[in-house]
Amino acid sequence: MAGVCGFMQEEENIIPENRSLYGMNVTEYKLFLALKKIGLEPETQYPVSSCVIDFAFPSYNWAFEVNGPHHYTEEGKQRDRKRRQFLHHTYPPWKIKSFKANRVFKNPDGVAREIKNIIEKDSEGGDSLGGLARSYRHW
């Protein structure tokens with residue numbers, strides 16, 4: 001067994017496209033570009049043990065996921081529950097927010113602003129991005 005999150009490596013596509021864009025599908029890539037446009041540089045396809053987080057901000061232990069239809073089957077819901085439980089019990093624990101893929105695909109800029117607001121409110125000071133705008137990866 002590959003571990004609690006090993007299944008994440010075999011995730012199906014959200015919209016009918018492949019994961020050739022730096023390991024992201026087109027929906028995730030649209031969100032990545034929207035995040036960069038507002039000055040955020042997330043780690044993409046970020047490994048935590050056997051889990052892979054779509055968009056991670058490790059300095060803040062925030063994980064943002066883009067969930068396609070397979071996440072809403074009974075099997076998908078069960079895998080996601082185990083995955084969340086695992087990530088919540090790491091040290092320090094990860095905070096996780098999921099977005100439906102169709103919402104991200106239709107409005108990546110709005111989702112990017114929501115992510116920025118979530119992290120700003122959660123970080124100390126509340127009004128500063130601090131290290132969030134620091135580049136973790138250069139594409």
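Guide: Buried means under 20% relative accessible area, exposed over 50%, and partly exposed in between (1.4 Å probe, protein chains only). This is a predicted model, in which local features need pLDDT of at least 70 and side-chain atom pairs count only at pLDDT 80 or more, while totals for chains, interfaces and linings use all residues. Residues are numbered from 1 along each chain as its sequence is written, and side-chain values use heavy atoms, with hydrogens and water left out.

Visitor: Why is K37 called exposed?

Guide: The relative accessible area of K37 is 60%. Exposed means over 50%, so the label applies.

Visitor: What makes K37 and D109 a salt bridge?

Guide: A salt bridge is a side-chain nitrogen of Lys or Arg within 4 Å of a carboxyl oxygen of Asp or Glu. For K37 and D109 the N to O distance is 3.1 Å, so the pair counts as a salt bridge. K37 is in helix 1 and D109 in helix 4, 72 residues apart; helices are DSSP runs of H or I with at least four residues, strands are runs of E with at least two, and both are numbered from the N terminus.

Visitor: How do you know whether R83 and E65 are buried or exposed?

Guide: R83 has a relative accessible area of 5%, and E65 has 3%. Buried means under 20%, so both residues are buried. Their side chains also meet in a salt bridge, at 3.2 Å from N to O.

Visitor: Why is Y29 called partly exposed?

Guide: Y29, in helix 1, has a relative accessible area of 22%. That value falls between 20% and 50%, so Y29 is partly exposed.
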